[in-house]
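This report describes a predicted model, covering the interface, the confidence scores and one local fold unit. Please consult the sequence and coordinates shown here alongside the text.

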Amino acid sequence: MIRCKSLTKKFGEFTAVDQVSFDVGNGEVFGLLGPNGAGKTTTMRLLSTLLRPTGGTATIAGHDLLREPREVRASIGVLPEDAGLYDRLTPKEHLLYYGRLHGMHEDSLSKRADELLDTMELTDRANTKVGDFSKGMKQKVALLRAFIHDPPVLLLDEPTAGLDVMSARHIHAFVERFRREGKAIVISTHNMTEAQKLCSKIAIIDRAKVVGMGTVKELQALTSQKDLENIFVQLVTD
Amino acid sequence: MNARRIGVIAAKELKDALRDRRTILAMILIPIIVLPILMFLPVFLASPERNPVRVAVIQTDTSSDDFLATLSSTQVHIVRIGREENITRLVQDGDYELGMILPPNFSRIFEGPDETATITVFVDQSSTRGTIAFSLVQDAVTEYAKKVVEERLAQTGLPPEALNPIETEVRTVSVTGVGAIFLVILLPLFLGIYAVTGAMYFIMDTTAGEKERKTLEALLTMPATRTEIVLGKFLIAVLIALVSSVLAITGMMTGAVFLVGAAGAGEPAAAGIAISFTNLMLIGLATLVLAMTSASIEMVVSIFARSFKEAQNLLSPLTIVVVVPAMAMQYMSEQTLRSLELAPILNAMLIIRDALLNKVAAANLAIELASAFVYMVIALAIAIRIFNSEKAMARY
């Protein structure tokens with residue numbers, strides 16, 4: 001579903017993403033694990049067509065990033081690092097707005113928005129402006145926004161950063177649901193527990209490069225370490 | 001390009017803007033309520049018709065009563081004070097707008113052609129009401145002096161016309177008075193200012209503000225192209241600029257009619273103005289092109305900014321760019337103005353002024369309109385290009 005081939009992004013002399021390659025299949029959750037500034041968010045922005053690669057490319061749902069950016073955007077649901085919601089709009093209005101931008105029909109859109117709000121237990125706040133919401137509630141709305149058009153691919157950048165345990169569990173449950181539905185999911189995180197809990201495959205990124213990739217078991221074999229945190233530390237300090 | 005998506009973006013922008021108290025304040029309340037009050041309230045308050053000026057008079061004897069009767073009117077309230085009072089201090093302290101000492105034997109000026117009376121006047125000319133009082137006193141002096149001169153002429157057997165060997169007959173070729181000032185100076189100025197600045201807040205909020213609040217990132221991951229996003233936002237920016245321009249003019253006219261009319265300071269500014277439908281359309285078209293050009297320029301500048309505040313710092317000087325040429329227009333000869341027909345902003349303002357004064361010439365209009373339209377297209381093309389530039393958009 002996602003095929004990254006030597007994806008590279010340079011800003012002048014600075015290389016933010018260097019020759020990153022990975023594949024994510026249907027029903028897989030792929031984790032990008034790395035310290036702050038390693039290049040995780042830039043990789044996510046490249047995959048969501050916000051930035052144009054300076055080298056390599058990727059195909060998403062069969063569409064090439066460089067040649068078919070609009071088709072790529074129609075196939076992905078993005079949860080950016082910041083929820084990025086309009087404070088003066090309600091959750092329902094957000095879902096309708098982004099659904100319309102995806103060309104969804106009004107009748108099915110409204111029905112789907114109501115269903116999604118219900119699954120996140122937001123029905124009773126559906127018509128409250130999100131400016132009054134907590135960070136956890138905003139993150140739920142942002143996740144629903146990414147999912148409104150039922151895309152085959154989800155790109156989630158730090159989906160639980162700054163959330164309390166209950167909100168994080170809610171988000172995790174939703175990611176698990178997406179996985180079972182056969183979506184290809186990329187999660188960027190620096191939370192080891194989250195990566196271990198959700199991801200079927202992990203790429204550890206440090207200073208723009210992938211320094212280790214595989215299932216947790218494969219990474220354990222690679223480093224002779226059991227704990228993911230130790231694996232991470234060994235790979236990024238090597 | 002997908003018109004439906006542009007419409008979806010525009011509809012959301014409008015809904016969001018109408019829920020923003022600051023946009024409502026800038027778009028509706030300031031032009032229709034605050035602006036007219038700020039402009040016309042001082043005129044209203046200073047008006048002697050509504051609130052007569054107070055004149056303190058020190059009179060040595062009753063010989064000047066006749067002159068005081070000439071001065072006394074609904075606009076002037078005369079208060080006789082004693083000689084021991086410090087008249088300078090009373091005027092300085094604002095107890096009176098003007099002080100006056102009338103000499104003794106004032107009526108002797110009727111006795112012979114060489115007699116002169118000197119009236120001493122104390123006035124604070126930095127005060128508006130002080131200058132109004134001074135002008136009313138001067139009018140009374142002129143009127144009274146005329147009466148004296150006529151009497152002196154009668155004694156010599158000369159008719160009053162002997163003093164006026166030449167008379168000037170004025171025939172105005174355009175609207176005059178308060179109405180003309182309103183038409184030629186204030187209306188193009190305020191239409192220009194509001195066409196340019198009316199949507200400035202909205203534009204900063206919807207570009208730099210979206211960037212700062214990180215809402216732009218989510219929007220850019222939608223299937224809408226960046227050109228569609230620019231156009232959706234642009235449509236609402238132009239709509240807001242036009243609405244605030246219309247409201248500013250409505251506010252000014254209402255303020256002029258009610259406040260100046262109520263103050264009795266002259267005929268209402270809008271009185272006697274008849275603008276043909278064609279000219280009205282031309283004014284609307286020029287305002288529209290001006291609003292579109294400035295919205296594009298403001299979007300270009302604002303999207304470069306990392307934050308709303310940075311956008312505000314970059315865009316604020318734009319108001320001066322409109323005010324200076326609009327004010328300068330009043331001091332330029334017709335020839336100079338015609339040589340500046342291709343200048344941005346000035347071209348649209350010239351169309352507005354000519355349409356208001358009903359002196360539109362097809363050749364001039366064609367040049368002004370075509371140049372204004374070309375600037376608008378260039379500015380919009382740059383805005384679209386900037387939105388498509390990764391360098392500008394990724395500047396967080």
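## Interface between the chains

A salt bridge is taken here as a side-chain nitrogen of Lys or Arg within 4 Å of a carboxyl oxygen of Asp or Glu. One of the pairs is A:Lys9 with B:Glu390, whose closest N and O atoms are 2.5 Å apart. Another joins the side chains of B:Lys15 and A:Glu93, at 3.5 Å from N to O. This second pair runs between chains, from helix H1 of chain B to helix H3 (residues 91–101) of chain A.

The interface also has eleven residue pairs in polar contact, with both residues at pLDDT 80 or more. A polar contact is a pair of N or O atoms within 3.5 Å; within protein, one must be able to donate a hydrogen and the other to accept it, and residues adjacent in sequence count only if both atoms are side-chain atoms. On the side of chain B that touches chain A, H1, helix H7 (200–213) and helix H8 (215–220) of chain B each supply at least two residues. H1(B) gives the most, with seven residues. Helices (H or I, at least four residues) and strands (E, at least two) are DSSP runs, numbered from the N terminus.

With contact meaning heavy atoms within 4.5 Å, 28 residues of chain B and 31 residues of chain A take part. The two chains bury about 2800 Å² between them, 57% of it on carbon and sulfur atoms; this is the accessible area (1.4 Å probe) lost on being put together, summed over both parts.

## Confidence

The model scores ipTM 0.91 and pTM 0.82. pLDDT is the predictor's confidence in each residue, from 0 to 100. Chain A has a mean pLDDT of 90, and 100% of its residues reach 70 or more. Among the elements of chain A, H3(A) has the highest mean (96) and helix H9 (residues 228–237) the lowest (80).

Chain B averages 84, with 92% of the residues scoring at least 70. Within chain B, confidence is highest in helix H1 (residues 3–18), at 95, and lowest in helix H6 (residues 177–197), at a mean of 73. Over residues 265–272 of chain B pLDDT stays under 50, and the model has eleven contacts beyond four places in sequence for them. Where pLDDT is low, the predicted coordinates should not be read in detail.

## A parallel strand pair in chain B

Strands E1 (residues 53–59) and E2 (residues 76–80) of chain B run parallel and are joined by five bridges; two strands pair if DSSP finds at least two bridges between them. B:Arg54 has B:His77 in E2(B) as its bridge partner.

## Conventions

Residues are numbered from 1 along each chain as its sequence is written, and chains are lettered from A and ligands numbered from 1 in the order in which they are written. In this predicted model local features need pLDDT of at least 70, side-chain atom pairs count only at pLDDT 80 or more, and totals for chains, interfaces and linings use all residues, while side-chain values use heavy atoms, with hydrogens and water left out.
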